[in-house]
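Please consult the sequence and structure shown here while reading.

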Amino acid sequence: MQRLLRRARERFSTAARRGLLVAFEGPDGSGKTTQRKLFKTWLEAEGYSVVTTKWNGSELIKPIIKTRKSIHALSPEEFSLLHSADFRHRVEQDVLPALWDGKVVIADRFLFTGLARDVARGLDLDWVLKLYQPLLWPDLVFYFAVSPATSSRRISATRVPRFYEAGQDITDLDDPVESYKRFVARVIREYESLALIFNFITVDAEQSIGEQHRKIRQLFREGERRPWSDWNADAVAEWLALAGRRS
Amino acid sequence: MRSAPALIAVEGVNAAALLASAREALAGVDRRRRSGVSHWDASGIFGDLAAAEDSAGRPSPRTILLLYAADLAFRIRWEIRPLLDDGKSVVAAPYVATAIAFGRAAGISPRWLEDLFTFAPAPAESRLAESTARVGRGRRGFVEFSCELMSGSLNGISRGELVETTAAYLRTALGRRARIVNA
């Protein structure tokens, strides 16, 4: 393991060789997906090689979660554990290989989504955080801050929130819109705590799309060469150990 | 003969031995308290995993353990707690120690493994289902299934080595306090 840790540090402590991990976080309706797409287009125009990873997007685990969500069969613990499994699989299959190859990885939601939602469902933050260990820390986390009222208005304008998205598993409310309003207020409260603890870059998501995009470009330029977090060494070493990768 | 309602964990790497030991454990419970056995993959998560396309990628030991924990949370919610609440004794085969032993064999830190399963109630009794028979190659139990998936990965460790290391960790963890049953 010491040998693998050394290899991980050698690769990632050299700014020119390592990739960059940028996470877009925020509640539903905060406009982060729009910004993520604009950001990706801009990065590619600037000559970066870009990979996108989406929450609950692993080819292996997503179908397992989808089936159980459709029949409303998940308890908060099961919901949390399955999403952390999905996350781990994407980290190993998509995120770390791309970072190792020097690419920019844009994460449309990262582990903080799990933390905010699971704690809003009543789970213990410490337990949930451990599910995501060994931690892989993004170089930048953009947090798209909106009020619960704005999030609810934007979501309700386009569709009826789905059962778990609306938090109906814990609010016991039959009306998905009312349940969403209550649940998203809890999620935003957790996000705001996480933003302070983990030093997110907060973007005012009530601003115009163009204004937000300009700010993201500027913040990316200022922050892209931050030193690599050594906390990531364990995650990289464990990945290297799987099938003797990158030998 | 056990007369108070209790959770009995039967641990082991061989599915056939687990089943035989679980039946034996259940037979030792007072008839009025006797209920059933909670088996691995009651939630069907691993059945779905086995049906996935190869292109979806192979899960790592840590991913497998998160899925095992999700399955166990399901078993506790729908099988184990309701029976205990109803005054019955229930056998869980396998339970937490088997998963922890698999994780140790795969090189995962014991601290992370212990933390993962803090939601699971402690069993009143643990049994170790030892088997003199070779572990089958079929995907019949958690350890068999998981070691088959891991074969060739983890720096080239073979399926058989992983099974043996899991069994060794399990014997170390439970050996002194568990009732050992040869099936």
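## Chain A: contacts and overall form

In chain A, 79% of the contacts with a separation of 6 or more involve residues 24 or more positions apart; two residues are in contact if their C-beta atoms, placed from the backbone, lie within 7 Å. The model is predicted: local features need a pLDDT of at least 70 and side-chain atom pairs count only at pLDDT 80 or more, while totals for chains, interfaces and linings use all residues. Residues are numbered from 1 along each chain as its sequence is written, and chains are lettered from A and ligands numbered from 1 in the order in which they are written.

Chain A contains 11 helices and 5 strands (DSSP runs numbered from the N terminus, with helices being H or I of at least four residues and strands E of at least two). Its radius of gyration is 18 Å, close to the 18 Å that the globule rule gives for 247 residues, so chain A is as compact as a globular protein of that length. The radius is taken over C-alpha atoms, and the rule is 2.2 Å times the number of residues to the power 0.38. The C-alpha trace of chain A spans about 55 × 40 × 30 Å along its principal axes. Of the 247 residues, 44% count as buried (20 or more other C-beta atoms within 10 Å of the residue's own; 12 or fewer is exposed, and in between is partly exposed, with C-beta atoms placed from the backbone).

## Helix packing and a buried valine

Helix 1 (residues 2-12) and helix 11 (residues 233-241) of chain A pack at an angle of about 115°, with their axes 8 Å apart. The axes are lines fitted to C-alpha atoms over the stretch in contact, and angles run from 0 to 180 degrees between N-to-C directions. Among the residues making this contact are Leu4(A) and Phe12(A) of helix 1 and Val236(A) and Leu240(A) of helix 11. By class, the contact has 9 nonpolar, no polar and 2 charged residues (Ala, Val, Leu, Ile, Met, Phe, Trp, Tyr, Cys and Pro are nonpolar, Asp, Glu, Lys and Arg charged, and the others, Gly among them, polar).

Val184(A) is placed in helix 9 (residues 176-197) of chain A and is buried, with 28 other C-beta atoms within 10 Å. Leaving aside residues up to four places away in sequence, Val184(A) touches Pro27(A), Asp28(A), Pro148(A), Ser151(A) and Ser152(A).

## Chain B and the interface

Chain B has 7 helices and 5 strands, and 49% of its 183 residues count as buried. Its average pLDDT, the predictor's confidence in each residue from 0 to 100, is 89. The model scores ipTM 0.94 and pTM 0.94.

The contact between the chains takes 26 residues from chain B and 23 residues from chain A. On the side of chain B that touches chain A, helix 3 of chain B gives the most, with 9 residues. That side has 14 nonpolar, 8 polar and 4 charged residues.

## Backbone geometry

Most residues other than glycine have a negative phi, and most peptide bonds are trans. The peptide bonds from Gln133(A) to Pro134(A) and from Ala93(B) to Pro94(B) are cis, with omega near 0°.

His72(A), which is not a glycine, has a positive phi of about 55° and counts as exposed, with 10 C-beta neighbours inside 10 Å. Arg109(A) has a positive phi of about 85°, but counts as buried, with 23 C-beta neighbours inside 10 Å.
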